Amino acid sequence: MTTNYRIYSARDAHSSYGVDQLAIALIDSGSAEELLGSIELYQRSMPRVPLFVITQDGRFDFPRLQELYRHISLIVFSGNTYIGEKANAVASVCNTNYFLLLRSDTVVVTFEYDRLLNLMSRSNHPVVASAILANAYREIVPCLRTPTPFEKILDPGSSFPSMDPDKPDHTLYPVMGLGFYDRALFQRLRGYDEQIHSEYFQLMDLGLRSYLFGYRITLSPDLLIQFPNRESIIEDRSERTGFGRCYTKNLSIRRVKGKNKVRKPPINYDRSSYREEVKERYQWLQKIDYDGLVSTWQR
């Protein structure tokens, strides 16, 4: 995992009940005013929850920022990074059971903390309770992702969530990474693949790995996040450096009569991940192959 970031620990650490349970991780993704407004909001509404702000060099006078907000910790990257590096860094430093990954250009409309804790306490709890997303008009957008039969590309389906809080949908991955993470399980799965230089393929890779290894991701109405300044929320699905790792790791195992058979993927082969991930780990850990996942999902 990357180490191109510095930690500025909170000047005044919290010492109250609940600190060991949850941390808020706030990605600096909008204007400086939006970030400062978000910090003030979460410090006021959730004062006992440690707040980690993920930003990059040159954005602020960081000592001055911590003088103003003495309870925040800063994770400062040396340059632009993808969602995977940010989430991995939070998981490494937050020291809590769960972390809530948010953006400074969003507003949390619904956050049913007790219900989310109940969901995460179950024996078959998800890796992430992914957020349902709404646009500037508070319209729910298609944020449910489903695996589709593989032809020439990995192209998940998109649809609207059911919005039933008692029966949250299974979803392939958390759109934009926003959600309520089980930190230990996320790290057990080795987090996001930082050698993939695409947020879309980082997210899909984590989702596929979760399901193929026997875990799941849910889309929970107990966490609803709005983008107040965006009419549409569109993913960049372009193929970038390292995207072949997603194909290779998740399409190189075929399950035959209860046993895993290793083969090179039919497209976008990545040699290093085939040798270091598929042959060393995946063939021993996978519970189902991609075709089996699609068939199970459709049923």
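**Close-up views of a predicted model**

**View 1. Ser-29 in its loop.** Ser-29 counts as partly exposed, at 27% relative accessibility. The model shown here is predicted. Ser-29 sits in the loop that runs between strand 2 (22-27) and helix 1 (32-45). Beyond residues up to four places away in sequence, Ser-29 touches Arg-103, Ser-104 and Asp-105. Leu-102 is 73 residues from Ser-29 in sequence, yet their C-alpha atoms are 9.5 Å apart in space.

**View 2. Phe-77 in strand 4.** Strand 4 covers residues 72-77, and Phe-77 belongs to it. Phe-77 has a relative accessible area of 0%, so it is buried. Phe-227 is 150 residues away from Phe-77 along the chain. The C-alpha atoms of Phe-77 and Phe-227 are separated by 24 Å.

**View 3. Asn-95 in a loop.** The loop joins helix 3 (83-93) and strand 5 (98-103), and Asn-95 lies in it. Is Asn-95 buried or exposed? Its relative accessible area is 58%, so Asn-95 is exposed. The backbone is worth a look here too. Phi of Asn-95 is near 60°, a positive value in a residue other than glycine.

**View 4. Met-176 in another loop.** Met-176 is found between strand 10 (169-170) and strand 11 (179-182), in the loop that links them. Its phi is near 60°. That is a positive value, and Met-176 is a residue other than glycine. The relative accessibility of Met-176 is 14%, so this residue counts as buried.

**View 5. The largest nonpolar core.** This core holds 90 residues. Which of them touch the most other members? They are Phe-99, Leu-133, Phe-180, Phe-186 and Met-204. Helix 6 (residues 199-212) contributes the most to this core, giving 8 residues. In soluble globular proteins, nonpolar side chains tend to be buried together.

**View 6. The surroundings of Phe-186.** Residues up to four places away in sequence are set aside in this view. Phe-186 then touches Ala-87, Asn-88, Ala-91, Phe-99 and Val-127, among others. Its contacts also include Tyr-181, Gly-191, Tyr-192 and Leu-206. Phe-99, one of these partners, is listed with Phe-186 among the core residues that touch the most other members.

**View 7. Asp-222 in strand 12.** Asp-222 is part of strand 12, which spans residues 217-226. With 7% relative accessibility, Asp-222 counts as buried. What is Asp-222 in contact with, leaving aside its neighbours within four places in sequence? The partners are Thr-110, Phe-111, Glu-112, Arg-115, Leu-116 and Pro-165.

**View 8. Helix 3 against helix 6.** The two axes come within 8 Å and cross at roughly 55°. Helix 3 and helix 6 are therefore oblique to each other. Helix 3 brings Ile-83, Gly-84 and Glu-85 to the meeting, and helix 6 brings Glu-199, Gln-202 and Leu-203. By class, this contact has 2 nonpolar, 2 polar and 2 charged residues.

**View 9. Helix 6 against helix 9.** The axes of helix 6 and helix 9 lie 10 Å apart, and the helices pack at an angle of about 80°. They are therefore roughly perpendicular to each other. Leu-208, Tyr-211 and Leu-212 of helix 6 meet Tyr-290, Leu-293 and Trp-297 of helix 9. The classes here are 6 nonpolar, no polar and no charged residues.

**View 10. Helix 7, enclosed.** How many of the 9 residues of helix 7 are buried? The count is 9 of the 9, so helix 7 is largely enclosed by the rest of the structure. The buried residues include Phe-243, Gly-244, Arg-245, Cys-246 and Tyr-247. Thr-248, Lys-249, Asn-250 and Leu-251 are buried as well. The packing partners of these buried residues are helix 6, strand 13 (253-256), helix 8 and helix 9 (290-298).

**View 11. Helix 7 passing helix 8.** Helix 7 (residues 243-251) and helix 8 (residues 271-285) have axes that come within 9 Å and cross at roughly 30°. The two helices are therefore roughly parallel to each other. The crossing is right-handed. On the helix 7 side, the contact is made by Arg-245, Thr-248, Lys-249 and Asn-250. On the helix 8 side it is made by Ser-272, Ser-273, Tyr-274, Glu-277, Val-278 and Tyr-282. Sorted by class, the contact has 3 nonpolar, 4 polar and 3 charged residues.

Definitions and conventions: Residues numbered from 1 in each chain as written. Predicted model: local features only at pLDDT ≥ 70, side-chain atom pairs only at ≥ 80, totals over all residues. Heavy atoms only, no water. Axes fitted to C-alpha atoms, helices over the stretch in contact; angles between N-to-C directions. Helix = DSSP H or I, 4+ residues; strand = E, 2+ residues; numbered from the N terminus. Parallel < 35°, antiparallel > 145°, perpendicular 65-115°, else oblique. Left-handed = near helix turned anticlockwise from the far one by under 90°. Contact = heavy atoms within 4.5 Å. Nonpolar A, V, L, I, M, F, W, Y, C, P; charged D, E, K, R; others polar. Buried < 20%, exposed > 50% of the residue type's maximum accessible area, 1.4 Å probe, protein only. Core = buried A, V, L, I, M, F, W, Y, C linked by side-chain atoms within 4.5 Å.
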